[in-house]
Amino acid sequence: MARLLLCAFLAVVGAIDNGLGRTPPMGWRSWNLYGANVNQSLMQRIMDGMVSKKRKVDGVPTSLCDLGYCDVGLDDNWQDCKAGHQYHYHDDAGIPIINRERFPDMITMTSHAHQLNLTSGWYLNNCICSEQAVSDSLYHSDVAALTVFGFDAVKLDGCGRQKDLDKWADLFNKTGRPIMIENCHWGGTVPNATWCPWNFFRTSGDVRASYGSIVGNLLTTVEWAQKNLSKPGCWAYPDMLEVGCQHGPGGAGDPGLTFFEARSHFSAWAIVSSPLTLSLDVNNDTVMDAVWEIIANKEIIAVNQAWAGHSGSPFKQADSYVQLTDFNMEMKGTIIPHNSQVPSWQFFYKPMGGGKIVVLLMNHDSKAQDLTLTFSDVPGLSCQKCKVRCLYVHSDLGEHDGTFVAKGVPSHDSRMFMLSSSGHAAVQKDVVFM
């Protein structure tokens, strides 16, 4: 029946504008948790976990979807690599062949998501048994399958030869359904001022669960912020969040993050307006309890979702540099070193509108240090006597004249502050951090 539906769908013609991704997309994707060991049952349990209200925010039972993480995306290895003849995982007509042992009914899986008020994402141009022969029939049939199965979003990887993103976007638009499109070409296909046929684009290879890899991938977004090419409908994306991930597909390359590193990671992705894609086990209470205050921080999520003309970028850094372990990314299974240097400390900013600006002070060093913020250094900040609010502990720290000192910031930790105009100066308040 599914094959008949696919064949019938190939004749459908229509056209729409995408109109998605006006704020950075939020959700979950399977790769960092399951790698190739994924199946329909695991995906449906994750969907259930995304709407669970076991935990609270501000005393109110709250699910991940309540916070905005409402897309659940399937990554690689849904395909049957041994079933093809002319192709690897497509039949001779170009129709994708599903591994029915792992995914007995894709429509049931996406329907489960929709019943929970979630969206469901797919994955194409696969890396495992990638297609190195390509024809128009593969594009058409993949889009037809996505539509018949009921997927709402798609990650287009860079391993196979189906890399024509204009063709993909045109075919998705012609389905008559808006499809959220991720360009996962690892920084190899990027936008310009007039061209961006996707909703978010990878700026790097795969991030790993180590602080060095996170900082390296973060810095690949800077160019696009400075060119104003990371913006609504076309967001720069340095890969999935590694918060709560350990010993995933990267094995020894995924040593895991400390609480401080995970908090810095989440805050950094937020302040550069990256899509926030979780990939942790949302049903593991130990993991979720450890990171809940990070991923459920509504003030930081609001920073991520805001748009006031600039996506967020560095504005000041130390003159001295440090060497970070694992300062690399992974591409097609190969470890690729990043080629930039890392300052001992680095400050990012993002305008929020209404005269408010958020700053992130990151300590990349191996030792704790005081981080001094000078208000006149912050782009677009009009006050010299400014109110300071800490977004980590949800506390107003008073009004300050000219500078603010974040004292004793531990190694790989950070501080995130909202700055706004103030009528007069006051003594700096002390605040206790975890």
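**Charged pairs and buried residues**

Mentor: In this predicted model, aspartate 413 counts as buried, because its relative accessibility is 0% and the cut-off for buried is under 20%.

Trainee: With which residue does aspartate 413 form a salt bridge?

Mentor: Side chains of opposite charge can pair when their charged atoms come close. Here the partner is arginine 263, with the closest N and O atoms 2.9 Å apart. Aspartate 413 sits in the loop between strand 21 and strand 22, while arginine 263 belongs to helix 10, so the pair ties together parts that are 150 residues apart in sequence. Arginine 263, at 6% relative accessibility, is buried as well.

Trainee: How many salt bridges does a search of the whole structure find?

Mentor: The search finds 21, and one of them joins the side chains of aspartate 289 and arginine 55 at 2.9 Å, N to O. This pair links distant parts of the chain, since aspartate 289 is in helix 11 and arginine 55 in strand 2, 234 residues apart.

Trainee: Is aspartate 289 buried or exposed?

Mentor: Aspartate 289 is exposed, its relative accessible area being 51%, whereas arginine 55 is buried, with a value of 12%. Both residues also belong to a network of salt bridges that links Lys54, Arg55, Asp285 and Asp289.

Trainee: Why is helix 3 described as largely enclosed by the rest of the structure?

Mentor: The reason is that 8 of the 11 residues of helix 3 are buried. Those buried residues, among them Leu42, Met43 and Ile46, pack against several elements, including strand 1, helix 2 and helix 5.

Conventions
Residues are numbered from 1 along each chain as its sequence is written. This is a predicted model: local features need pLDDT of at least 70, side-chain atom pairs count only at pLDDT 80 or more; totals for chains, interfaces and linings use all residues. Side-chain values use heavy atoms; hydrogens and water are left out. Buried means under 20% relative accessible area, exposed over 50%, partly exposed in between (1.4 Å probe, protein chains only). Helices (H or I, at least four residues) and strands (E, at least two) are DSSP runs, numbered from the N terminus. Contact means heavy atoms within 4.5 Å. A salt bridge is a side-chain nitrogen of Lys or Arg within 4 Å of a carboxyl oxygen of Asp or Glu.
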